[in-house]
Protein chains: 2
Amino acid sequence: MVNKVRFLSQKRFFLIFIIIAVYLLYSLAFAAGSEGVSGGTDESHGGPVEIVLLELIVILLTAKLGGDLFERFKQPAVLGELVFGMVIGNLNLLGFNGFEVFKTDVTLEILAELGVIILLFEVGLESSVKEMMKVGLESFMVAVFGVIAPFFLGWWVSAMFLPQESIYVHIFIGATLTATSVGITARVLKDLGKLKTQEAKVILGAAVIDDILGLVILAVVTGIISAVETGQGGISSLGVLWIIAKAVLFIVGAVVIGGFVLPHYFKFAVHLKGKGVFLSFCLLVGFFLSYLAGKVGLAPIVGAFAAGMILEEVQYKQFQEKGEHPIQELIEPIAIFMVPIFFVRMGMLVDLTTFARVEILGFALVLTLVAIIGKQACSLAIFDKKTDRLSIGLGMIPRGEVGLIFAAIGSKIILDGELMISPSTYSAVVIMVILTTLVTPPFLKVALLRKDRKKK
Amino acid sequence: MVNKVRFLSQKRFFLIFIIIAVYLLYSLAFAAGSEGVSGGTDESHGGPVEIVLLELIVILLTAKLGGDLFERFKQPAVLGELVFGMVIGNLNLLGFNGFEVFKTDVTLEILAELGVIILLFEVGLESSVKEMMKVGLESFMVAVFGVIAPFFLGWWVSAMFLPQESIYVHIFIGATLTATSVGITARVLKDLGKLKTQEAKVILGAAVIDDILGLVILAVVTGIISAVETGQGGISSLGVLWIIAKAVLFIVGAVVIGGFVLPHYFKFAVHLKGKGVFLSFCLLVGFFLSYLAGKVGLAPIVGAFAAGMILEEVQYKQFQEKGEHPIQELIEPIAIFMVPIFFVRMGMLVDLTTFARVEILGFALVLTLVAIIGKQACSLAIFDKKTDRLSIGLGMIPRGEVGLIFAAIGSKIILDGELMISPSTYSAVVIMVILTTLVTPPFLKVALLRKDRKKK
């Protein structure tokens with residue numbers, strides 16, 4: 001039986017391989033055609049939308065084939081999207097450059113961003129303010145522990161590996177390890193149907209607080225460094241307070257004002273004629289809070305999550321009475337279309353040649369190790385015995401765009417006539433981000449399902 | 001009773017007005033804030049996605065409020081989206097420039113294009129190859145009549161109004177009047193639930209053939225003119241044949257190859273693990289044929305329509321048996337999100353100052369008139385007495401991007417040392433496109449519903 005299953009999955013794998021090969025050749029043929037053959041008639045239609053269509057075709061197909069293969073090996077679909085994205089994103093190493101344009105296309109980048117905004121909105125819809133309040137203190141402690149431990153571990157590793165660098169470099173590298181990127185974890189929780197668990201709520205709450213802490217750290221660290229550089233006072237404590245105040249005001253404001261305004265908002269909307277009013281007005285809440293979050297310096301996905309969280313059925317029960325489908329059901333097709341764009345593109349952006357740089361590999365691997373170990377400090381903040389500590393620690397592992405943005409800012413700061421974050425240090429941070437992203441889905445899956453087994 | 005309804009609708013209108021005013025001020029405040037206040041912390045997140053979020057917020061809100069207001073006055077929602085789009089797109093005339101960026105944002109343009117692709121895919125899903133075959137000859141005749149009559153009428157009007165210009169200018173202007181832009185009509189048919197009628201099938205079939213004819217005309221006309229210009233032989237009859245062959249091969253290929261391949265395609269897909277496989281594989285068909293249509297020089301929306309048309313339930317019944325929702329239901333939320341982007345943006349691009357140019361207004365209005373009258377020749381191709389001739393003629397009226405593309409190409413050709421299509425002639429074509437777009441929804445609605453009344 002086992003053998004038969006294996007044989008089938010090999011056959012299937014072969015079929016998938018053939019299909020990928022065919023579609024690559026196809027895309028290649030068309031990519032070549034677009035520059036040469038078509039000529040004059042091309043003016044009549046098309047244009048940039050064709051490039052995006054090709055990108056969407058390749059990405060959707062990659063996502064579904066990658067997701068399928070990894071689910072066959074009992075891995076979360078999101079890991080398949082990342083890894084298959086990595087494969088097609090690095091085909092240039094084999095001389096195929098047809099997908100290079102995907103990496104720089106701004107429209108695709110924005111579609112990917114909208115994808116992860118839709119994902120976090122969808123995830124937020126599964127949580128309510130009440131539920132999040134209950135885990136508020138726990139989330140806060142998890143976030144704080146998960147910021148402090150990696151920060152000092154990163155500082156220490158940097159001091160070990162780069163003894164010649166100044167203390168500011170070590171502080172900066174410590175800072176790059178602090179912020180959790182919740183997209184991957186949210187997706188794994190969703191794929192496994194675990195969004196309603198205590199662990200999911202703690203992690204999601206902690207991710208929101210994490211993002212606020214990340215903002216503060218960035219402000220403080222760059223403030224200190226610019227103070228050193230210019231010899232003047234850097235960022236004032238008032239400035240830091242204002243950053244914190246804006247972020248906290250946003251979250252509290254979304255909950256309080258949202259709770260007050262939304263019933264009236266939907267009461268107004270329910271009287272509007274035309275199709276799709278309900279979904280449009282829910283999307284408007286999501287987009288508006290994402291936009292606002294961006295404006296106060298938070299990640300737009302934090303706003304999207306907050307929007308999903310504050311939307312409660314009681315606010316729009318009139319729409320349900322009119323026979324509208326639940327918002328969770330309406331948002332799903334949009335998520336199916338757009339979410340994979342984010343993860344496949346994220347995989348595509350991984351440059352495998354970074355791993356070939358032996359001289360930084362040691363530093364990068366140790367940095368990754370402390371990034372992973374550091375977040376396990378989160379589990380120390382859990383006092384409730386029913387909550388699974390391991391899942392929380394693992395769920396907080398992924399670092400994403402925030403770490404990269406920190407490193408990118410550092411790579412622009414010149415300290416004592418040298419770049420504070422050198423290109424090789426930057427590569428080490430990139431490797432850390434890639435590895436923390438890739439290790440989370442399989443480990444988190446095991447941890448979450450292990451808890452299920454224990455229950456039985 | 002009537003008075004009470006009117007009062008309520010005035011009150012509602014006032015409320016809508018207040019809301020629009022508030023959100024304009026809001027956007028304005030944030031637009032100002034984004035340049036000034038936020039400063040350093042902005043680096044941590046956000047970026048171009050924020051601009052697109054703001055655009056989506058404004059567009060979705062505009063679409064829903066415009067649609068609501070026009071439905072209250074018994075007009076199709078799409079007209080409200082166009083008109084409200086026109087209003088916010090021309091606020092710069094009142095000194096408000098906050099929305100100017102919307103007009104040039106490439107990402108928004110592509111989202112709009114994807115929106116109309118999704119719309120035509122959705123519309124195609126309501127048609128089957130079998131049904132379209134039945135109306136094939138009728139559609140063909142409608143398309144041919146609807147190309148010939150406006151072409152010669154346009155030629156004649158141009159010769160009347162621009163006697164100093166050469167015959168080639170008149171031919172070119174005639175050509176700009178030929179191609180129907182089916183987006184508006186498809187949307188009106190959909191809004192009224194008329195996609196399954198005989199008239200809808202004839203119009204949609206004719207629009208596909210129209211697009212092929214448009215390609216041929218563009219090739220022939222530019223060929224003749226370049227022959228005149230360079231003194232050499234222009235486009236060969238072989239060249240024209242190749243253009244026709246590519247387009248016809250695309251349509252026939254989609255139907256024949258699609259009919260053969262799709263059952264196997266879905267049989268493969270049904271075995272894939274992971275969520276959203278069915279919707280993804282349907283979208284892949286839509287995007288792939290849209291892309292391919294663009295590649296052979298047709299409008300991507302023709303490919304999207306073809307894709308929707310060739311997808312039949314029998315090909316994917318295994319998915320339905322697994323409990324998947326029908327594809328029509330899955331595509332709807334995506335359409336609710338993306339379709340209005342196309343129509344609101346289309347309205348925004350209307351430059352009202354064009355209408356203030358008195359010297360061209362006469363020519364523009366007569367051009368519009370013959371554009372409308374010319375398409376009524378379509379009804380002469382209808383021999384079936386059960387089909388409503390008036391609806392067909394009205395449904396073929398809208399001219400869109402094809403006319404504008406023709407004019408844009410003409411405005412680059414230099415003939416006898418002068419621009420073939422002068423800026424003022426170009427403006428006249430723009431006015432023709434705007435007016436044919438705006439008059440269609442109300443008239444088509446009356447015509448289609450008049451038929452209903454007759455039946456009763």
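Residues are numbered from 1 along each chain as its sequence is written, while chains are lettered from A and ligands numbered from 1 in the order in which they are written. Because the model is predicted, local features need pLDDT of at least 70 and side-chain atom pairs count only at pLDDT 80 or more, whereas totals for chains, interfaces and linings use all residues.

**View 1. Where chain A meets chain B.** Here 62 residues of chain A are in contact with 63 residues of chain B (contact: C-beta atoms, placed from the backbone, within 7 Å). Several helices of chain A each supply at least two residues to the side that touches chain B, including α1 (2–35), α10 (198–230) and α18 (401–410) (helices are DSSP runs of H or I with at least four residues, numbered from the N terminus). The biggest giver is α2(A), with 15 residues. By type, this side of chain A has 37 nonpolar, 14 polar and 11 charged residues (nonpolar: Ala, Val, Leu, Ile, Met, Phe, Trp, Tyr, Cys and Pro; charged: Asp, Glu, Lys and Arg; polar: the others, Gly among them).

**View 2. Helix α2 of chain B.** Residues 48–72 form this helix of 25 residues, which reaches 36 Å from first C-alpha to last, close to the 36 Å expected at 1.5 Å a residue (the expected span is 1.5 Å times one less than the number of residues). Since 22 of those 25 residues are buried, α2(B) is largely enclosed by the rest of the structure (buried: 20 or more other C-beta atoms within 10 Å; exposed: 12 or fewer; partly exposed: in between; C-beta atoms are placed from the backbone). After the helix comes Lys74(B), with a positive phi near 65°.

**View 3. Helix α5 of chain B.** Residues 106–125 make up this helix, whose reach of 29 Å is close to the expected 28 Å. It is mostly covered, with 19 of its 20 residues buried.

**View 4. Around Lys103 of chain A.** Lys103(A) sits in helix α4 (residues 100–104). With 14 other C-beta atoms within 10 Å, Lys103(A) is partly exposed. Leaving aside residues up to four places away in sequence, Lys103(A) touches Gly89(A), Met348(A) and Leu349(A). Arg345(A) is 242 residues away along the chain, yet its C-alpha atom is separated from that of Lys103(A) by 7.4 Å.

Terms used: Contact = placed C-beta atoms within 7 Å.
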